[in-house]
Amino acid sequence: MAEQQAELIPPLTVLTEDEGLLRDSVREFAERRIRPHVREMDEQAKFPRALLDELFQLGVMGIEIPEDFGGAGARFFHAVIAVEELSRVDPSVGVLVDVQNTLVINALLRWGNDEVKRRYLPKLASRWIGGYALSEAGSGSDAFALAARAQDRGDHYVLTGRKLWITNANEADLFIVFANVNPEAGYRGITAFLVERGFEGLAVGKKEDKLGIRASSTCELMLEDCKVPRENVLGEAGKGYKVAIETLNEGRIGIGAQMIGLSAGALEHAVKYTKERKQFGKAIADFQGVQFQIARAATEIEAARLMVYNAARLRDAGRPFLTEAAMCKIFSSEVAEHVTSLAVQLFGGYGYVKDYPVEKLYRDAKIGQIYEGTSNMQLVTIAKQILG
């Protein structure tokens, strides 16, 4: 059965007028165009192409792209709001938009030269989807232990290797692929390349059959003598590690937004259900034990939201945000796991079956502690900053 809209629990955080308008617009779209298809997308593990086209029409696929290139010309904070609101209904859609904006487009805006921006930003704003290909079988948390290689052939590079866990891979038209041009130099040989889907030697492998965010494609990329023009180096050769580090710091804020969105959605479903479900002659929402659990969950969500918003605003202000990004990601992902588990518990037996939405959100939540830097890696970052 299609998901039913839960009772809205408005966030307490004050937004500016334009931020509030964006929230309302994305929320209305998510309720009207995404919610009726959530279960079908989860079961079939794919997005309808029509929905992807509508996301472009909504303007959320190129939020920070300047208007001259066809984008919205908005701020990073606007991307965070969009990801949060989409994830409230379906975190799979949220992460699609997140990777597009906080990883791919953000990297091009910061590291792309004028020619690269003219060539790719209008496409990413209007119809192209981006993927970010860093991870490999032997380089997860140790992100720079890359086995992928790039050989300099003068006017082009030849890339060879395999990339794993690449979000948006099935849909992507453009990938940022990381490979090492000088393995003897270690991480200083890592280079970021812009690889179009149609380039010879690039193949997308099987789609992973995942626990959660199932509609979001996660695939292997295979590079077999993939020829990439020299002008498609993003930034400079040997500076790929800087591209990766700085982009992932912002991406973690986006994952934080995904986690607070799905947490809010789960709590809204739980609140609605506790008012309907009766035990011992009254709604279970009337029992103080249930009320306290809901109050604590709402408090945790708002605290996580404030951490995510603070990190995003620091980024927009050009101030350091490394620690805040790590903190908001680890905390929001832990809140998501707790709140979605509580929602399943409050639904009782119904919470454990697929006919009700909280089971899916519970499955979706786990990935927040794994991708774009595991919780342990966030703790390493935070400890280094605090301890010097």
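This is a predicted model: local features need pLDDT of at least 70, side-chain atom pairs count only at pLDDT 80 or more; totals for chains, interfaces and linings use all residues.

Student: Is T274 buried or exposed?

Tutor: Burial is judged by relative accessible area, and under 20% counts as buried. T274 has a relative accessible area of 1%, so T274 is buried.

Student: Which residues does T274 contact, apart from its neighbours within four places in sequence?

Tutor: T274 is in contact with A283, I284, A285, V290, I294 and L346. As for D286, this residue is twelve residues from T274 in sequence, and the C-alpha atoms of the two are 8.4 Å apart in space.

Student: How should I read the nonpolar core?

Tutor: In soluble globular proteins, nonpolar side chains tend to be buried together. Here the largest nonpolar core has 94 residues, of which I34, L55, L86, L108, I176, F178 and I253 touch the most other members. Helix α7 gives the most to this core, with 14 residues. Another core, of 21 residues, lies apart from it, and A133, A148, A169 and V233 are among its members.

Student: Which residues lie nearest the centre of the largest pocket?

Tutor: They are S135, I370, Y371, E372 and G373, out of 40 residues in the lining. The elements that give two or more residues to this lining are α5, β3, α7 and α11. Of these, α11 gives the most, with six residues. The space in the pocket is about 1200 Å³.

Notes:
Residues are numbered from 1 along each chain as its sequence is written. Side-chain values use heavy atoms; hydrogens and water are left out. On a 1 Å grid over the protein atoms alone, a cavity is a set of points where a 1.4 Å probe fits but cannot get out, and a pocket is an open set with protein on both sides within 12 Å along at least five of seven lines; lining residues have an atom within 4 Å of a point. Grid points are joined across faces, edges and corners, and a volume is the space filled by probe spheres set on the points. Helices (H or I, at least four residues) and strands (E, at least two) are DSSP runs, numbered from the N terminus. Buried means under 20% relative accessible area, exposed over 50%, partly exposed in between (1.4 Å probe, protein chains only). Contact means heavy atoms within 4.5 Å. A nonpolar core is a set of buried Ala, Val, Leu, Ile, Met, Phe, Trp, Tyr and Cys residues joined through side-chain atoms within 4.5 Å.
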